[in-house]
Amino acid sequence: MTRLKAFLLILLFLLTGELISYFLNLPIAGNILGMVILFVALKQKWVRLSAIKPASDKLLEFLVLFFIPYGVGLMVYFDL
């Protein structure tokens with residue numbers, strides 16, 4: 001249950017960044033803004049690290065899988 005709460009907290013910051021990027025029409029991706037907001041919240045101690053650690057540890061286990069689509073895209077457009 002704590003891992004689910006941690007995922008939801010991370011998704012909340014992602015959604016916040018996406019909404020800010022969309023409504024303010026910023027040239028910065030919403031996921032980047034969400035990470036920056038999460039970083040600020042962690043540094044200001046608004047969010048405890050222990051609150052998101054279960055989800056972040058699980059995401060780090062699968063980090064290699066997140067790079068597969070980019071690798072395939074590079075191979076498809078290698079001649080460019």
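The following conversation covers annotated spans, a helix pair and a pocket in a predicted model.

User: Which residues does the UniProt annotation "transmembrane region" cover?

Analyst: According to the unreviewed UniProt entry, that annotation covers residues 29-47 and 59-78.

User: How much helix and strand is there in residues 29-47?

Analyst: That span is 74% helix and 0% strand, and its end C-alpha atoms lie 22 Å apart.

User: And what about residues 59-78?

Analyst: Here the chain is 80% helix and 0% strand, with 29 Å between the end C-alpha atoms.

User: Turning to packing, at what angle do H1 and H3 pack?

Analyst: Helix H1 (residues 2-23) and helix H3 (residues 49-61) pack at about 90 degrees, and their axes are 7 Å apart. The two helices are therefore roughly perpendicular to each other.

User: Which residues make the contact?

Analyst: H1 contributes Thr2, Arg3, Ala6, Phe7, Leu9 and Ile10, while H3 contributes Ala51, Ile52, Pro54, Ala55, Ser56, Lys58 and Leu59. By class, the contact of H1 with H3 has nine nonpolar, two polar and two charged residues.

User: New topic: what is the volume of the largest pocket?

Analyst: Its volume is about 490 Å³.

User: Which residues lie nearest its centre?

Analyst: Of the 15 residues lining the largest pocket, Ile10, Asn31, Met35, Leu38 and Leu59 lie nearest its centre. H1, helix H2 (30-43), H3 and helix H4 (63-66) are the elements that each give two or more residues to the lining.

User: Where does the largest share of the lining come from?

Analyst: H2 supplies the largest share, five residues.

User: How many of the lining residues are nonpolar, polar or charged?

Analyst: The lining of the largest pocket has 12 nonpolar residues, three polar and no charged.

Technical notes:
Residues are numbered from 1 along each chain as its sequence is written. This is a predicted model: local features need pLDDT of at least 70, side-chain atom pairs count only at pLDDT 80 or more; totals for chains, interfaces and linings use all residues. Side-chain values use heavy atoms; hydrogens and water are left out. UniProt positions are given in the numbering used here, feature names are shortened, and annotations may be inferred rather than shown by experiment. Helices (H or I, at least four residues) and strands (E, at least two) are DSSP runs, numbered from the N terminus. Axes are lines fitted to C-alpha atoms, for helices over the stretch in contact, and angles run from 0 to 180 degrees between N-to-C directions. Angles under 35 degrees count as roughly parallel, over 145 as roughly antiparallel, 65 to 115 as roughly perpendicular and the rest as oblique. Contact means heavy atoms within 4.5 Å. Ala, Val, Leu, Ile, Met, Phe, Trp, Tyr, Cys and Pro count as nonpolar, Asp, Glu, Lys and Arg as charged, and the others, Gly among them, as polar. On a 1 Å grid over the protein atoms alone, a cavity is a set of points where a 1.4 Å probe fits but cannot get out, and a pocket is an open set with protein on both sides within 12 Å along at least five of seven lines; lining residues have an atom within 4 Å of a point. Grid points are joined across faces, edges and corners, and a volume is the space filled by probe spheres set on the points.
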